[in-house]
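Subject: Handover of a structure and notes on it

Dear colleague,

Please find below the structure that I am handing over to you.

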Amino acid sequence: MPDANVPRTLLQLLKLRLPAMLSTLRPLVEAESPSLEKIPADRCCGLLATEWRKRGLRVERISQKHRGDHLRVTWPQKSRSAGQLLVLGHYDTVYATGTLAKMPFRVSSAKVYGPGTFDMKAGIVQALFAVEALQRLKAPLRHHIVFLWTSDEEIGSQTSRKLIESEARRSEAVFVLEPALGPRGLLKTSRKGVGEAEIIVHGHASHAGLAPEEGVNAVHELAAQISRLHEWNDPRRGISVNADVVEGGTRVNVIAERARALVDLRALYANDMCRIERRLHSLRPSVRGARLEIHGGFNRAPMERKMSAALFDRAKSLAAQMGYALGECTAGGGSDGNLTAALGIPTLDGLGAVGDGAHSPREHIQINAMPLRSALLAALLAAS
Ligand SMILES: [Zn+2]
């Protein structure tokens, strides 16, 4: 079969598999898998393992003590010299066990509702059927493919980070199945780096009426620091710095001895990230006698567009062969794609489901987009 027909053939095949995709999605959604609850998460992991085994892939369960197990699925190819591609996703959700009773798996006007449908169980289903379609087509692949399904992305990937990074280092490209943006299914070709800082001010308590001059007001000092931070915002460069939690003081007539702020940090470019971190840690008190204690910084570097550009061009041309105009966007939030891009591995994100309402009671996917998204992933794996 001539190469040019592969994407279209994949799409035709996958359109026929839509009912099977939905019946695979349902038990996965109904197996609730909150990041913080190991037992239910493991049950969902078991279901996933079965689905991958059914397709003849090698499945390895990486057991975790406090979180759901991670799943590494490998699809080796015949050629020994072949490199590796990594397909990355998570099966944990932000919903506690029991959420399903209030927001059940439900199909209504071409949408599927339910916890974790959009973020990102439908994405995993699309990957399952992408593999099946490639197997049916007997499309020759030039790369071994590793799929990593992790259990703690929604809580910062503490237990999966090393695994993701070491698998990414062995890979030539990473495809991330996080949800797409908007009804047109935009891919995420850049993501802001994300961080969190804590600023603690130590002052000196004193009677606000009898001896105000003996006090050092930690709340005033914190206010001065926060207005300094505010100046660092630069929307044009994608820099945002926001003190979102503040606390301090004890009583209205006591000069505040202590105050504290939690600060959200975002940057689109790595050099801005470094600059913000440097400035943060070189803050000095403006009130005499106050002392600052500063913790934290960025925990995910930005996924800069240059890490996605070539893969996006490839995806766009494959989508065009299927008759679709694929768009792109920047995401203000991080994903595990930030981790792989920061290692210098080309990364394309937002390849998962099309839908809306992630992390909310109206979370849903667009059913009709599933075959196209699945075909796009399959075509990317075949063309890379
Ligand atoms: Zn997600």
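The notes below go from the whole chain to single residues.

Please bear in mind from the start that this is a predicted model.

**The chain as a whole**

The chain has eleven helices and 16 strands. Along the principal axes, its C-alpha atoms fill a box of roughly 90 × 45 × 40 Å. Of the 384 residues in the chain, 57% are buried. Among contacts with a separation of 6 or more, 80% are between residues 24 or more positions apart.

As background, strands of a sheet pair through backbone hydrogen bonds, either parallel or antiparallel.

Within this sheet, β3 (residues 83–90) pairs with β7 (residues 173–176) in the parallel sense, over four bridges. Leucine 86 is found opposite valine 174 of β7.

**The aromatic pairs**

How many aromatic pairs does the structure hold? There are three aromatic pairs. In general, a pair of aromatic rings is described by the distance of the centres and the angle of the planes.

Tryptophan 52 and phenylalanine 147 form a tilted pair, with 4.7 Å from centre to centre and 35° between the planes. Tryptophan 52 belongs to helix α3 (residues 38–54) and phenylalanine 147 to strand β6, so this pair links distant parts of the chain, 95 residues apart. Both tryptophan 52 and phenylalanine 147 are buried.

Tryptophan 52 also pairs with tryptophan 149, and here the rings are stacked: 5.8 Å centre to centre, with 25° between the planes. Because tryptophan 52 is in helix α3 and tryptophan 149 is in strand β6, this pair ties together parts that are 97 residues apart in sequence. Why does tryptophan 149 count as buried? Its relative accessibility is 0%, and a residue is called buried when the value is under 20%. Tryptophan 52 likewise has a relative accessible area of 0%. Together, Trp52, Phe147 and Trp149 form one aromatic cluster.

**Charges over rings**

Two arginines are placed over aromatic rings. Arginine 55 lies over the face of phenylalanine 129, at 5.0 Å from the ring centre. The charged end of arginine 106 sits over the ring of tyrosine 113, at 4.3 Å from the centre of that ring.

**Threonine 340**

Threonine 340 is part of helix α10 (residues 336–342). With a relative accessible area of 0%, threonine 340 is buried. What does its side chain make a polar contact with? The partner is the side chain of threonine 347, at 2.9 Å. Beyond its neighbours within four places in sequence, threonine 340 is in contact with several residues, including Leu88, Ile164, Ala168 and Val174.

**Alanine 256**

Alanine 256 is located in the loop between β10 (240–248) and β11 (258–267). Leaving out residues up to four places away in sequence, alanine 256 touches, among others, Gly203, His204, Val216 and Gly249. Alanine 315 is 59 residues from alanine 256 along the chain, and their C-alpha atoms are separated by 57 Å.

Serine 240 lies in strand β10. Its relative accessible area is 17%, so serine 240 is buried. Apart from residues up to four places away in sequence, serine 240 touches Asn233, Asp264, Leu265 and Arg266.

Strand β8 (residues 187–191) is mostly covered, with five of its five residues buried. Four bridges join β8 to β13 (residues 328–331), and these two strands run parallel. Leucine 187 stands opposite glutamate 328, which is in β13.

Yours sincerely,
A colleague

Conventions:
Residues numbered from 1 in each chain as written. Predicted model: local features only at pLDDT ≥ 70, side-chain atom pairs only at ≥ 80, totals over all residues. Heavy atoms only, no water. Pairing = 2+ DSSP bridges. Phe/Tyr/Trp six-rings, centres within 6.5 Å; stacked < 30°, edge-to-face > 60°. Buried < 20%, exposed > 50% of the residue type's maximum accessible area, 1.4 Å probe, protein only. Lys NZ or Arg CZ within 6 Å of the ring centre and 35° of its normal. Polar contact = N/O pair within 3.5 Å; in protein donor to acceptor, adjacent residues only side chain to side chain. Contact = heavy atoms within 4.5 Å.
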